[in-house]
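Hi,

Here is the structure I said I'd pass on. Have a look, and my notes follow below.

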Amino acid sequence: QRRNMIRLRTWPVIFLLVSCLAMAFLASPAKAMSLAEMKGLVEGDTDQRIETLNKVVAQGDEKTLVFLQALADDAVKVAGDKIWIVRDSLGAGKAMDPLTGQKSDLPADAQDVVSNNRFRSEIETALAALKLFSSEVKMRQQAVKALLKEPDASKLPILNKALAQEQDAKILNLLQLAKAAAQLSDADVAVRLESAKRLAESQTPETQLLLNERLAQETDAQVKAQLRKSLTAIEGALKTGERLGALFTGVSLGSILLLVALGLAITYGLMGVINMAHGELMMIGAYATYVVQVLFRQYLPSYFDAYLLLAVPISFLTSALVGAFLERTVLRFLYGRPLESLLATWGISLILMQAVRSLFGAQNVGVENPAWMSGGVQVLSNLSLPYNRLVIIGFAVAVLLAMTLVIGKTRLGLFVRGVTQNRPMASCMGVNTARIDTYAFALGSGIAGLAGCALSQVGNVGPDLGQSYIVDAFMVVVLGGVGQLAGTVYAALGLGLVNKLLEGVTGAVLAKICVLVFIIIFIQKRPQGIFAMKGRSAEA
């Protein structure tokens, strides 16, 4: 009985020891890459090196990743039987042994390892495969997408290994798609059929190309039918993405036209001044943004991403002050004389362009997006919405709302509307019409500066920036109805959408011609534009 008691007490201890040994065995690290395998990666022909590469990738240890990254960076040298990693961070004349990690002097007879483009491509794919086991979700996701673009049956073991331990549902789905892509050329018909079905979910141009290539080689009728079905599903999704992309581009262009035309809606629509220098006032706003960017980069580099928050009011004030100066010195003598004001503002535009060329040079200057405006939202595989365009659309809406409130709800807006509708009566009521003219023209010029600030975030800034938009801005104001903000909004968005939709069918030049012809016909039939001026007006 005593022996039985001892046995009963011993069995749990033995079981615990066996369990610990089993867990230690299962948790043991993958076999590290050997010197022979490293030599196989740097010596021999390309096929032999690729064969060795496929073997070591399956091991997936940290040393393999470091060595392959060094090979990709041309940082590996060979001296006799030794292999070295050479990087600037190690110091001049120093090298590291990839097996032990120890640093030492680089031998004088060390030679570079030469890799052709084919082997480099295989290394990049192998690095992507090894990154499947990164602790960062974003890196793992990028690695799966890279393998999905270039499927390879030799990567199936590492894909299965990644599938067995991945916890993220989105990455799991991508891994299954990558595995299906790698099995699309499998000898088993059932496997190819299942892969073709699965790949219908991967609605990317790369998958479409892969399925088309497989369709040309496929011999089984059932698999061919499934390939065609998957291709139809992918083509439909890609077309949807293209249509949505065209709509977004049209709205983006419309928002830019709206910003450009809003200032002109005041100076031309409300004040009746044909301001041919409106584009140059936009240019001044863009250059003001550039100057603020340069100052932040030089004096406040740690706050560079916030420069745009200061550039917005600076661009508005700069253009508004220039506009007020032009109105006080030139335009106030030319009210009611459209031809003279047109010629005068055209001359002013030439002077402003030459002044900018003298100050900043004739070459375009680059305005960098802040970090929070870089990148975009990936909606579909072939549809990405850039952050800078999304911000500009929101900015245009904000400027429109602010301008509507100023014109419709403020004392200045009341005076502007009063002077516009009946200048003599407004003057009799005590309104300083000359001052209101200056304020209104400065407001329109400031909004042009905001448009220039926005345009600087989607392209280069140059002396001819305003010339590209002035004609379109006048077309928007005339089409929408002179003096009508609502018509300006409809016209800007409508012209932007129509222009971009036509570009996909006729090309950029013919699209512009078609839009111009449409506007001419529309104005012939409805001279007052989309919205006519309400009420009666009395001319001075």
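**Salt bridges and a surface patch**

R87 counts as partly exposed, at 29% relative accessibility (partly exposed sits between buried, under 20% relative accessible area, and exposed, over 50%; 1.4 Å probe, protein chains only). Before going on: this is a predicted model, where local features need pLDDT of at least 70 and side-chain atom pairs count only at pLDDT 80 or more, while totals for chains, interfaces and linings use all residues. Residues are numbered from 1 along each chain as its sequence is written, and side-chain values use heavy atoms, leaving out hydrogens and water.

R87 forms a salt bridge with D73 (3.2 Å, N to O); the term means a side-chain nitrogen of Lys or Arg within 4 Å of a carboxyl oxygen of Asp or Glu. D73 is in the loop between α4 and β1 and R87 in the loop between β2 (82-85) and β3 (94-96), so the pair ties together parts 14 residues apart in sequence. D73 is partly exposed too, at 38%.

The structure holds 14 salt bridges. Among them, D47 meets R118 at 2.8 Å, N to O. That pair links helix α3 (residues 46-57) to helix α5 (residues 117-130), 71 residues apart; helices here are DSSP runs of H or I, at least four residues, and strands are E runs of at least two, numbered from the N terminus. There is also a salt-bridge network linking R192, R214 and E218.

D74 sits in the loop between α4 (62-72) and β1 (76-79).

Cheers
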